[in-house]
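Here is a brief report on one structure. It covers strand pairing, aromatic contacts and charged side chains.

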Amino acid sequence: MSGSNIINLIGGRGYTGSELLYIIASHPGFELGIASSRSTAGQSIHSICTGWPDDGSTFTQLEPEGVSSYPADAWVLALPNGVAERWVKCIQDAFPDARILDLSADYRFDNDWTYGLPERFREQLVKADRIANPGCYATGSQLGLLPLKDQLASPPLIFGVSGYSGAGKTPS
């Protein structure tokens, strides 16, 4: 795919990682470099993501220190909360110009990262190299309040309850 943006995915088996694989498979401007997953290393990507072309691509087991072998335009970290820091450091050291999108909560309140809600921060995101993805409750709450944000007399109070594990595929 000439002219494509190469994306490396760390954490390809979980819910957000596998959904991203569907997007990459159908997007003419994206090309998958690698999809890393400890639990499914060596397995066909198509076996987890049925929308993926059955082209023989497999999940790779990769540790942060091995990222320098896999150049990419962008890295997506679809990892559990608390795990991204080591990956980010290694990616930044190996590829300082690569974009990093963290889907966990690790960088959401870090001023060096752009908060990834395009409905509010589209202009900043276009130029951002470090993007922290908002969670589902934050996204739903902010999108619901966005049309009213300039009329609010005080910060709103949002309360959300879930009976499921949140991100991931294993109920907990």
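## Sheet and helix

Asn8 stands opposite Trp75 in E3. This is a predicted model. The two strands involved are E1 (residues 5-10) and E3, which pair in the parallel sense over 4 bridges.

They belong to an open sheet of 6 strands. The order is E2-E1-E3-E4-E6-E5, and the pairing is parallel. Strand E2 (30-36) and strand E5 (114-115) are the edge strands, each pairing on one side only. Helix H3 lies across E1, E3, E4 and strand E6 (130-132). H3 runs at about 170° to E3.

## Aromatic pairs

The whole structure holds 3 aromatic pairs. In one of them, the ring centres of Trp75 and Phe95 are 6.1 Å apart and the planes meet at 25°, so the pair is stacked. Planes under 30 degrees apart count as stacked. Trp75 sits in strand E3 (residues 74-77), while Phe95 sits in the loop between helix H3 (84-94) and strand E4 (99-102), so the contact ties together parts 20 residues apart in sequence.

The cut-off for buried is under 20%.

Another pair is Tyr115 with Phe121. It is edge-to-face, with 6.0 Å between centres and 85° between planes.

## Salt bridges

The count comes to 6 salt bridges. Among the residues involved, Arg38, Glu63, Glu65 and Arg86 are linked in a network.

Start with Arg38 and Glu63, whose closest N and O atoms are 3.1 Å apart. Arg38 is in the loop between E2 and helix H2 (45-48), and Glu63 is in the loop between H2 and E3. The two are 25 residues apart, so this pair links distant parts of the chain. Arg38 is exposed, at 55% relative accessibility. Glu63 is partly exposed, at 30%.

Glu63 also forms a salt bridge with Arg86, at 3.7 Å from N to O. Glu63 lies in the loop between H2 and E3 and Arg86 in helix H3, so the pair ties together parts 23 residues apart in sequence. Arg86 is partly exposed, with a relative accessible area of 44%.

Arg86 meets Glu65 in a further salt bridge, at 3.0 Å from N to O. Here helix H3 is linked to the loop between H2 and E3, across 21 residues. Glu65 counts as exposed, at 52% relative accessibility.

Terms used. Residues are numbered from 1 along each chain as its sequence is written. This is a predicted model: local features need pLDDT of at least 70, side-chain atom pairs count only at pLDDT 80 or more; totals for chains, interfaces and linings use all residues. Side-chain values use heavy atoms; hydrogens and water are left out. Rings of Phe, Tyr and Trp (its six-membered ring) pair if their centres lie within 6.5 Å; planes under 30 degrees apart count as stacked, over 60 as edge-to-face and the rest as tilted. Two strands pair if DSSP finds at least two bridges between them. Contact means heavy atoms within 4.5 Å. Axes are lines fitted to C-alpha atoms, for helices over the stretch in contact, and angles run from 0 to 180 degrees between N-to-C directions. A salt bridge is a side-chain nitrogen of Lys or Arg within 4 Å of a carboxyl oxygen of Asp or Glu. Buried means under 20% relative accessible area, exposed over 50%, partly exposed in between (1.4 Å probe, protein chains only).
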